[in-house]
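Please walk me through this protein, going from its overall dimensions to a few local features, with the cut-offs behind each term.

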Amino acid sequence: MEQTVSYQEPAPFPDRENPFESMMKRFDVAADILGLEQGVYEYLKRPVRQYIVSIPIQMDDGRIEVFEGYRVIHSDVMGPSKGGVRFTPDVTLDEVKALAAWMTWKCAVVNIPFGGAKGAVRCDPAKLTRVEVEKITRRYTANLIDVFGPDKDVPAPDMNTDEQIMAWIMDTYSMHTHRTENAVVTGKPLILGGSLGRKEATGRGVMATTISALERLNVPVSKTRVVVQGFGNVGSVSASLLQGAGCLVTGISDISGGYLNKRGIDVQDALAYAAAHRTLEGWKGGEWVTQEELLTTECDVLVPAAKEDQITPAVARGVKARVIVEGANGPTMASADGILEEKGIMVVPDILANSGGVTVSYFEWVQDRIGYFWSLERVNQRLDVMMRTAFEAVFQTAQQHRVPLRIGAYIMAIDKVAKTLKLRGIYA
Ligand code: NAD
């Protein structure tokens, strides 16, 4: 007999900040400096649309399980909204709201014509079969069929979602619209209209902004000691490319813990191990440490590339790096910002450091729409130029207002979106 099970609300996390409030703390500082008009402030603070969808799935054993899905469109002022979809067991609507707003600011910082959105399904893919993941993806897409569209809202991969999941989104959307519509999603497999270089784009952007930061600090790239938290798409590519650029990667981590090696981690060996075992657990290429020990170990550059709220005030007090390059979204708690600033640590903020992914997503969308595909060389070269240009613009803005790079990035982004909003006017 069929049984209906509804998904459990996640337990509250005492070690987490409310991500939306955390984003708003930075937003408020920047808005204050800009002297943002109250009405514009209220407009930009609120997501324009928020959807909660119910996703009933028949599991492989015959049971029906009901998952909850979200899509938040924070802003469509600059163009179609853009943002990834994550499949995680503890995701909340507030987290998705914060991530959607970050996408608005990220697209503005890196100067691409998109607004911001984010989506999620509260589920644990590690406990699901591939068939169940496909059903969740297709039902989620079908429920949001009128929301998505190449000119409306364009999803992409994020935590625990990959190329195959993007292919299922594209196929489901195409089935409903009765035509093959590859520009509805980015981060697709190449053969379906994906872009060369998309998979590595976020890590490549992390590398570009790390090098820009080191140049500004007059620190040579060669032998710079780098520690990376997270060994998924962003973390593993960042570690690999930074090593390729001449840095010495002395620490990596994934959910199983951290691995330190002062003489240098063999990143390629770790990649092969993680590919074979789906985790670094049991890897012998470094001394095992806790996440906190990894984040506070002696190094020059720290790249948190796992998830939110990893740099708590306590961790921030222990951080020894000169530069933090935020590969993840929201890895530093707002309450830790001041501690890092006092310690003189340069923080390359998420909305700049990890914007390489959405930049190449933009390239992918452009290529799909014109039906002409670029070489890897062209993608990487244009990405590098856009990342370095964005870094310089943020750096100049921060200097001009005598604020950290994070606030500089927010000032730049909010100013651009607010000016566009003013020109468009308020429709009534
Ligand atoms: P992923 O699922 O590929 O990898 C996440 C990694 O973090 C895994 O190695 C996992 O083991 C590790 N991890 C998870 N929880 C952890 C914990 N508590 N402590 C330590 N490690 C932990 O995800 P991803 O695509 O690499 O995304 C990572 C971060 O980067 C997220 O914040 C995401 O929003 C952000 N981001 C991703 C992209 C992209 O293009 N994929 C773009 C911009 C930002």
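The protein exposes about 18,100 Å², of which carbon and sulfur atoms supply 52%; such areas come from the Shrake-Rupley method with a 1.4 Å probe, and for residues only the protein chains shown count as cover. This is a predicted model, in which local features need pLDDT of at least 70 and side-chain atom pairs count only at pLDDT 80 or more, while totals for chains, interfaces and linings use all residues. Residues are numbered from 1 along each chain as its sequence is written, and side-chain values use heavy atoms, with hydrogens and water left out.

Of the 428 residues, 58% count as buried, meaning under 20% relative accessible area, whereas exposed means over 50% and partly exposed lies in between.

The secondary structure comes to 15 helices and 13 strands, which are DSSP runs (helices H or I, at least four residues; strands E, at least two) numbered from the N terminus. Strands S2 (residues 49-58) and S3 (residues 64-75) run antiparallel and are joined by 10 bridges, where pairing requires that DSSP finds at least two bridges. Arg 49 stands opposite Ile 73 in S3, and in the turn of this hairpin, which has five residues between its strands, Gly 62 has a positive phi of about 100°.

In helix H11 (residues 334-342), the buried residues are Ala 334, Ala 336, Ile 339 and Leu 340; Gly 344, which follows H11, has a positive phi near 75°.

Terms used. Buried < 20%, exposed > 50% of the residue type's maximum accessible area, 1.4 Å probe, protein only.
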